[in-house]
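Dear colleague,

Please find the structure below, handed over for you to look at beside your own notes.

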Amino acid sequence: MAERTGGPRGCSVAGCGGAAERSLSMKKVKDSGLELGDDSARKAGLCKEHYKEYKKLTKTDRVLESIGR
Ligand SMILES: [Zn+2]
């Protein structure tokens, strides 16, 4: 597996020891509602499962926004 410099190495979600598959803005991940173990970094790493969860959470937000107008 190729390692990218500067990005998170593991999943940033609290209690998860998975390998980071995606690197996202810490703020965005926090806003999605996922609980992060270490939020001092600029980027949050998400494993496959938590990236799926993140997408689900952000999608729900958008649906609620469009319904609520
Ligand atoms: Zn994870």
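H50 is located in helix 2, where helices (H or I, at least four residues) and strands (E, at least two) are DSSP runs, numbered from the N terminus. Please bear in mind that this is a predicted model, in which local features need pLDDT of at least 70 and side-chain atom pairs count only at pLDDT 80 or more, while totals for chains, interfaces and linings use all residues. Residues are numbered from 1 along each chain as its sequence is written, and side-chain values use heavy atoms, with hydrogens and water left out.

With a relative accessible area of 15%, H50 is buried; the word buried means under 20% relative accessible area, exposed means over 50%, and partly exposed lies in between (1.4 Å probe, protein chains only). Not counting residues up to four places away in sequence, H50 touches C11, V13, C16 and L34, a contact being heavy atoms within 4.5 Å.

**The zinc site**

H50 is also a ligand of the zinc ion, which is coordinated by C11 (SG), C16 (SG), C47 (SG) and H50 (ND1), at 1.9 to 2.4 Å. Donors here are N, O and S atoms within 2.8 Å of the metal (3.2 Å for Na, K and Ca), and since water is not among the atoms, sites may look incomplete. The angles among the 4 donor atoms run from 104 to 114°, and the site of the zinc ion is tetrahedral, a label given to four donors if all angles lie between 85 and 135 degrees (four count as square planar and six as octahedral if opposite donors are over 155 degrees apart and all others between 65 and 115; anything else is irregular). For reference, the ideal angle at a metal with four tetrahedral donors is 109.5 degrees. Along the sequence, the donor residues of the zinc ion follow the spacing C-x4-C-x30-C-x2-H.

Of its 69 residues, 25% are buried, and among the contacts with a separation of 6 or more, 46% are between residues 24 or more positions apart. The protein exposes about 5500 Å², of which carbon and sulfur atoms supply 47%; accessible areas come from the Shrake-Rupley method with a 1.4 Å probe, and for residues only the protein chains shown count as cover.

S32, which is found in helix 1, is buried with a relative accessible area of 7%. Leaving aside neighbours within four places in sequence, S32 is in contact with Y54, L57 and T58, and the C-alpha atoms of S32 and L57, 25 residues apart along the chain, are separated by 5.9 Å. T58 has its place in helix 2 and counts as buried at 17% relative accessibility; T58 and D31 are 27 residues apart in sequence and 8.7 Å apart in space, C-alpha to C-alpha.

S12 lies in the segment before strand 1 (22–25) and is buried, with a relative accessible area of 12%. Apart from residues up to four places away in sequence, S12 touches L36, G37, D38, K43, A44 and G45.

**Salt bridges**

The count comes to 2 salt bridges, each defined as a side-chain nitrogen of Lys or Arg within 4 Å of a carboxyl oxygen of Asp or Glu. In one of them, the side chains of D31 and K27 meet at 2.9 Å, N to O; D31 and K27 are separated by about one helical turn because they are 4 residues apart in helix 1, and both are exposed. The side chains of K52 and E49 also meet in a salt bridge, at 3.6 Å, N to O, and both residues lie in helix 2, 3 residues apart, about one turn of the helix. K52 counts as partly exposed, at 49% relative accessibility.
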